[in-house]
Amino acid sequence: MATPPHLASQLAVNVLDAHSLLAAFGVLGVGVVLFAETGLLIGFFLPGDSLLFTAGLLCTGSADRGLHLSLGPLLVAAAVGALAGSQCGFLIGRKAGGALLARTRSAKLREGARRAEELLERYGHAKAIVLARFVPVVRTVLNPMAGALGVPARTFTVWQTIGGLVWSLGLTLAGYALGSTIPSIDTYLLPMIALIVVVSLLPLVAELLRSRRAAKEVRG
């Protein structure tokens, strides 16, 4: 029995490629991927940053790739997926404690958990929760770590909402803005995605430098 074309395209999707995910699942896929990346430890490898930027770009129609998305539904899906996923990860951490992270065999997840715990200890709950959104893997594991370490639910919810909206809507609108103003930007899609990932790390780098300067002043 022949497989329907649309089903075949979904079965052949490359989960590491943003355009492949968007071609197979559209706007709904954005919400599902962000939920999995921020709420489920198994989603740590998913391309959240590049997915948001590429999706925003595809809303402009400037990318000649046979795919066009609607900006309004995309923004809603991105925000809901990012916020619901983060809250789910926090609740999992509350219920399961650190057991899930302790049993993982992934070196990448263990490193992410270590960095997440360092963020929480060094910068406090509010800054750590917001900054973690911009660091791949860390944004996956910080949510259950926050739950396991007893971060107050209200504090977590407020700051994950702020960070989640800035991250999800900011990257989406960045893709949309660049696609609307720069002709044939899809020609430079891969370098642009790399740039977006680097830029997304700047808040964390700036905070690290500020903390080091403050520490030197205290010692001096």
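The model is a predicted one. A search of the whole structure turns up two salt bridges, and Glu37, Asp49 and Arg139 are linked in a network of them.

**The salt-bridge network**
- Arg139 pairs with Glu37, and their closest N and O atoms are 3.0 Å apart.
- Because Arg139 sits in helix 7 and Glu37 in helix 2 (residues 18–39), this pair ties together parts that are 102 residues apart in sequence.
- Arg139 also forms a salt bridge with Asp49, with the closest N and O atoms 3.1 Å apart.
- That pair links helix 3, which holds Asp49, to helix 7, which holds Arg139, across 90 residues.
- Both Arg139 and Glu37 are buried; the relative accessibility of Arg139 is 3%.
- Asp49 is buried too, with a relative accessible area of 4%.

- Helix 7 (residues 138–148) is largely enclosed by the rest of the structure, because 10 of its 11 residues are buried.
- Among the buried residues are Val138, Arg139, Asn143, Pro144 and Gly147.
- Just after helix 7, Gly150 adopts a positive phi of about 80°.

**Helix 3 against helix 8**
- Helix 3 (residues 48–58) packs with helix 8 (residues 153–181) at an angle of about 40°, their axes lying 6 Å apart.
- The two helices are therefore oblique to each other, and helix 3 passes helix 8 in a right-handed crossing.
- On the helix 3 side, the contact includes Asp49, Leu52 and Phe53, while helix 8 contributes residues including Trp167, Leu171 and Tyr176.
- By class, this contact has eight nonpolar, six polar and one charged residues.

Technical notes
Residues numbered from 1 in each chain as written. Predicted model: local features only at pLDDT ≥ 70, side-chain atom pairs only at ≥ 80, totals over all residues. Heavy atoms only, no water. Axes fitted to C-alpha atoms, helices over the stretch in contact; angles between N-to-C directions. Helix = DSSP H or I, 4+ residues; strand = E, 2+ residues; numbered from the N terminus. Parallel < 35°, antiparallel > 145°, perpendicular 65-115°, else oblique. Left-handed = near helix turned anticlockwise from the far one by under 90°. Contact = heavy atoms within 4.5 Å. Nonpolar A, V, L, I, M, F, W, Y, C, P; charged D, E, K, R; others polar. Buried < 20%, exposed > 50% of the residue type's maximum accessible area, 1.4 Å probe, protein only. Salt bridge = Lys/Arg side-chain N within 4 Å of Asp/Glu carboxyl O.
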